[in-house]
Amino acid sequence: MSLNMEGQIDGVFESVEASRTVDTGGAWVDGIWTPGTPSTTPYIVNIQPASDREVDFLRQGGERITDARRIYINQGDMQLIDQTGTWAFLGQQWKAVKVDNRYWRNYCKVIVTRIDDQSGGPA
């Protein structure tokens, strides 16, 4: 039996509005790279602190971890969620480092880390 978060997320935990911005790609135009337009999708997420095990997993990747969180997406188009793009919630920008998105569940779990440079997303 799989974990079912329906009725638990908002009944017990407080969810917040979030958005995910993904670049739609780009193209070479007359020898010059032209970036695509960003696409932003709204979501409702529940934010939890990352566990020690998850933080250890992130440290093994060699990146500096400023703030790691676990978010559960419980409203929005979950079929589009993958590791690309930038998340925005709590007035900060975050990048996904691990995504657990299974089609048979009614939620998606994403481990995110806060981006140091809040001026324009991940470098």
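A salt bridge is a side-chain nitrogen of Lys or Arg within 4 Å of a carboxyl oxygen of Asp or Glu. The structure examined here is a predicted model, in which local features need pLDDT of at least 70 and side-chain atom pairs count only at pLDDT 80 or more, while totals for chains, interfaces and linings use all residues. Residues are numbered from 1 along each chain as its sequence is written, and side-chain values use heavy atoms, with hydrogens and water left out.

By this definition, the structure holds 4 salt bridges. One of them joins the side chains of arginine 20 and aspartate 82, at 2.5 Å from N to O. Arginine 20 belongs to strand β1, and aspartate 82 to the loop between β5 and β6 (86-89), so the pair ties together parts that are 62 residues apart in sequence. Accessibility was classed as buried (under 20% relative accessible area), exposed (over 50%) or partly exposed (in between), with a 1.4 Å probe and protein chains only. Arginine 20 is buried, at 5% relative accessible area. Aspartate 82 is partly exposed, at 35%.

Arginine 69 forms a salt bridge with aspartate 67. Their closest N and O atoms are 3.1 Å apart. Arginine 69 counts as partly exposed, with 22% relative accessibility. In a further salt bridge, the side chains of arginine 102 and aspartate 100 meet at 2.8 Å, N to O. Arginine 102 is partly exposed, at 37%. A network of salt bridges links Asp100, Arg102 and Arg105.

Helices (H or I, at least four residues) and strands (E, at least two) were taken as DSSP runs, numbered from the N terminus. Two strands were counted as paired if DSSP finds at least two bridges between them. Strand β1 (residues 15-23) runs antiparallel to strand β4 (residues 38-49), and 9 bridges join them. Serine 15 has asparagine 46 in β4 as its bridge partner. β4 also pairs with β5 in the antiparallel sense, over 6 bridges. Here valine 45 stands opposite isoleucine 73 in β5.

Strands β2 (residues 26-29) and β3 (residues 32-35) form an antiparallel pair over 4 bridges. Valine 29 faces isoleucine 32 in β3. The hairpin of β2 and β3 has 2 residues between the strands, and aspartate 30 takes a positive phi near 55 degrees.

Helix α2 spans residues 52-59, with Glu54, Val55 and Leu58 buried. Seen down the axis of α2, the buried residues fall within an arc of 100 degrees, so they line one face of the helix. The arc is that of the directions from the helix axis to the C-beta atoms. An α-helix has 3.6 residues a turn, so residues three or four places apart point the same way. The face of α2 turned away from the buried side carries the exposed residues Asp52, Arg53 and Arg59. The buried residues of α2 pack against β5 (68-75), β7 (92-100) and β8.

Contacts were defined as heavy atoms within 4.5 Å. Threonine 113 is found in strand β8. Threonine 113 is buried, at 5% relative accessible area. Beyond neighbours within four places in sequence, the contacts of threonine 113 include Leu58, Asp67 and Trp94. Aspartate 116 lies in the segment after β8 (108-114). Aspartate 116 is partly exposed, at 46%. Not counting residues up to four places away in sequence, aspartate 116 touches Arg64 and Thr66. Aspartate 116 and aspartate 67 are 49 residues apart in sequence, and their C-alpha atoms are 9.3 Å apart in space.
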